[in-house]
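Dear colleague,

I am handing over the structure we spoke about, and below it I have set out what was found when going through it. Please read the notes with the coordinates open beside you.

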Amino acid sequence: METHVTDEVVGELTLTLDRDGGTVRVEGEAIPAVVVRRSAEAVAQRHVPIGTRGPDQLTMTLDGVPVPLRPGPGRVTRHSYRVEVDHNEVVYTLIPTSEESSSLFRGEKHLGNFTTITDGEVRAEWVASPEPGEAAIGYALATCFGSGAEHPISAIVSMFHF
């Protein structure tokens, strides 16, 4: 699935999500390309757009250079759905802040909020000016893992099907 997005800071982007093939690609004229791949050995999980949250089952490159990617396990708490990336000695974190949205941080600095509209279609609202690579990372993470997470109390209640 290919989606075209016009971002207010970095312009035209193409987000490509291939659930079956286990790849996500983010490209644009003003950003470096990001590619995330799921390993062939990974068992695809339908509730995760890229198919897995297993850090050993995913690889990520930014402009062709490998980038460490650490998704949380995605359990009951919103914090468990966080995803971290190390790039240029900086840790970037995408963490759910509501049921629909997640926020991107550079260290402690809040850069923006991401919302998944439909599978593979992501929108960003920037609260600070990101560098092109930072925008690419944010879009890639939101496309791979979606945005938002259920409130912990709702998650617990749904486990027991009240």
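Predicted model: local features only at pLDDT ≥ 70, side-chain atom pairs only at ≥ 80, totals over all residues.

Of the 14 residues of α1, 13 are buried, so the helix is largely enclosed by the rest of the structure. Just after α1 comes Gly146, which takes a positive phi of about 80°.

The sheet against which the helix lies

There is an open sheet of six strands, with the order β1-β2-β3-β4-β5-β6 and antiparallel pairing. Its edge strands are β1 (2-7) and β6 (65-66), each of which pairs on one side only. Helix α1, residues 132-145, packs on this sheet and touches β1, β2 (11-18), β3 (23-28), β4 and β5, and its direction makes about 30° with that of β4. As background, strands of a sheet pair through backbone hydrogen bonds, and they may do so in parallel or antiparallel fashion. Within the sheet, β4 and β5 run antiparallel and are joined by five bridges, and the bridge partner of Val35 in β5 is Thr61.

The aromatic residues

A search of the whole structure finds two aromatic pairs. In one of them, the rings of Phe114 and Trp126 have their centres 5.4 Å apart and their planes at 90°, so the pair is edge-to-face. Phe114 lies in strand β11 (residues 109-118) and Trp126 in strand β12 (residues 121-126), so this pair ties together parts that are twelve residues apart in sequence. Phe114 counts as buried, with a relative accessibility of 0%, and Trp126 counts as buried as well, at 9%.

In the other pair, the ring centres of Phe114 and Tyr139 are 5.2 Å apart and the planes again stand at 90°, so that this pair is also edge-to-face. Since Phe114 lies in strand β11 and Tyr139 in helix α1, the pair ties together parts that are 25 residues apart in sequence. Both Phe114 and Tyr139 are buried, and the ring pairs link Phe114, Trp126 and Tyr139 into a cluster.

Leu69 and Val85 are 16 residues apart in sequence, while their C-alpha atoms are 4.7 Å apart in space.

Ala42 has its place in the loop between β4 (31-38) and β5 (58-62), and at 12% relative accessibility it counts as buried. Not counting residues up to four places away in sequence, Ala42 touches Thr52 and Gln57. The C-alpha atoms of Ala42 and Leu58, which are 16 residues apart along the chain, are separated by 8.7 Å.

Two loop residues with positive phi

Asp63 has a positive phi of about 55°, although it is not a glycine. Its place is in the loop between β5 and β6, and at 59% relative accessibility Asp63 counts as exposed. The phi of Asn88 is likewise positive, near 55°, in a residue other than glycine. Asn88 is placed in the loop between β8 (83-87) and β9, and is exposed, with a relative accessible area of 63%.

With best wishes

Terms used. Residues numbered from 1 in each chain as written. Heavy atoms only, no water. Helix = DSSP H or I, 4+ residues; strand = E, 2+ residues; numbered from the N terminus. Buried < 20%, exposed > 50% of the residue type's maximum accessible area, 1.4 Å probe, protein only. Contact = heavy atoms within 4.5 Å. Pairing = 2+ DSSP bridges. Axes fitted to C-alpha atoms, helices over the stretch in contact; angles between N-to-C directions. Phe/Tyr/Trp six-rings, centres within 6.5 Å; stacked < 30°, edge-to-face > 60°.
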